[in-house]
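Biologist: Please take me through the strands and helices of this structure, with the terms defined as we proceed.

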Amino acid sequence: MLVLPDFPWNALASARERAEAHPEGIVDLSVGSPVDPTPAVVRRALEATTDAHGYPTTQGAKQVREAIVDWYARNRGVSTLDVSSVIPTVGSKEFVGLLPTFLGLGPGDVVVHPAVAYPTYDIGARVVGATPFPSDNPDEWPANTKLVWLNSPGNPNGRVDSVEVLAKAVARARELGAVIVNDECYASLTWDVDSAPSILDPRVTGGTHEGVLAAYSLSKQSNLAGYRAAFVAGDRTLIAGILETRKHLGLITPLPIQAAMIAALRDDEHVKAQREVYRRRREILRPAVEDAGFRIDDSVAGLYLWATRDEPAFDSVNHLAELGILVAPGSFYGESGANHVRIALTATDERIQAAARRLA
Ligand SMILES: Cc1ncc(COP(=O)(O)O)c(C=O)c1O
């Protein structure tokens with residue numbers, strides 16, 4: 001049996017119990033799972049595609065790849081993709097966990113990921129016996145680095161990397177001969193910055209996608225977490241390699257989900273509307289958290305407030321659990337998160353208002 005670290009959220013059980021005991025119920029801000037309905041335009045597309053008697057292609061139908069290419073040009077400032085440089089994936093989490101496997105990495109190889117990070121980058125490296133290396137500083141990435149994960153806008157801290165920061169990371173990865181991927185699933189949710197540049201932006205790549213991939217997910221922008229709808233784009237040689245491996249392994253995006261993805265990718269209106277919903281929730285929650293004595297760091301984009309009272313994370317978690325509010329300790333995301341908590345904006349308006357009242 002593969003031995004992996006304990007699943008972090010298991011450690012939240014007693015705080016959850018305490019929060020659930022609150023007379024007005026728990027406000028669960030510990031996970032980033034969307035609570036608003038999947039847009040009607042997407043559900044209709046799914047309903048219209050229930051006859052899926054044959055196997056879909058691993059590469060994805062041409063129409064879904066065209067929709068991905070058009071979406072990058074319209075929304076991410078990337079006009080240099082074509083249908084052979086993109087591929088749908090079953091969720092981003094699955095892709096993140098399996099990319100080191102697809103790349104054939106193993107013992108002796110290093111996988112760099114952000115200093116505070118979504119835990120799956122580390123797990124994907126461990127699965128193949130490679131060494132995870134948490135670091136935001138390209139100058140310290142070791143010579144045996146084979147894969148670099150960036151995550152801008154970031155989970156848990158909501159940090160956004162500028163074009164210059166991304167370009168420096170890409171240059172260093174190329175110098176090392178490593179593949180570099182930016183996990184961009186929060187790109188539609190920017191608050192205190194104009195935009196979050198894609199790693200495929202020509203100002204970052206210098207005009208060639210060599211060694212560079214962007215991962216994107218429709219889970220957050222389109223309330224599609226239950227559909228497992230995501231994709232990867234960039235270097236067509238890497239995409240072709242991933243495709244060949246997946247032809248053997250499966251992990252094929254189901255055809256009805258491909259139809260739903262096309263509908264979601266073609267409709268920018270629901271994304272704008274959802275973003276306004278989160279903006280409103282953030283405007284209620286952020287001052288309430290600050291007034292309760294927390295400092296909020298980074299958090300200029302994405303679905304979380306990265307908050308601290310300069311005390312161990314579980315002290316803050318337990319304090320908030322007494323108020324019936326469940327949050328995630330920053331320690332789940334690496335040692336540098338030891339004194340922070342991650343507070344998600346993914347709760348209904350009613351629950352967000354309840355949290356603000358309790359914090360006051
Ligand atoms: C940074 C990051 N990457 C990937 C994912 C997974 O997204 P998906 O729902 O597509 O698996 C998440 C979900 O929370 C995330 O925060």
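Modeller: Two strands pair if DSSP finds at least two bridges between them, and strands (E, at least two residues) and helices (H or I, at least four) are DSSP runs numbered from the N terminus. This is a predicted model: local features need pLDDT of at least 70, side-chain atom pairs count only at pLDDT 80 or more, and totals for chains, interfaces and linings use all residues. Residues are numbered from 1 along each chain as its sequence is written.

Biologist: Which residue of β6 is the bridge partner of V148?

Modeller: Strand β5 (residues 145-150) and strand β6 (residues 179-183) pair in the parallel sense over 4 bridges. In β6, V148 has as its bridge partner I180.

Biologist: Which are the edge strands of the sheet?

Modeller: The open sheet has 7 strands with mixed pairing, in the order β2-β8-β7-β6-β5-β3-β4. An edge strand here pairs on one side only, and these are β2 (86-90) and β4 (131-134).

Biologist: Is α1 roughly parallel or roughly antiparallel to α12?

Modeller: Axes are lines fitted to C-alpha atoms, for helices over the stretch in contact, and angles run from 0 to 180 degrees between N-to-C directions. Helix α1 (residues 13-20) packs against helix α12 (residues 313-322) at about 25 degrees, with their axes 7 Å apart. Angles under 35 degrees count as roughly parallel, over 145 as roughly antiparallel, 65 to 115 as roughly perpendicular and the rest as oblique. Therefore α1 is, relative to α12, roughly parallel.

Biologist: Which residues of α12 make the contact?

Modeller: Two residues are in contact if their C-beta atoms, placed from the backbone, lie within 7 Å. From α1, the contact involves A15, R18 and A19; from α12, V317, N318, A321 and E322.
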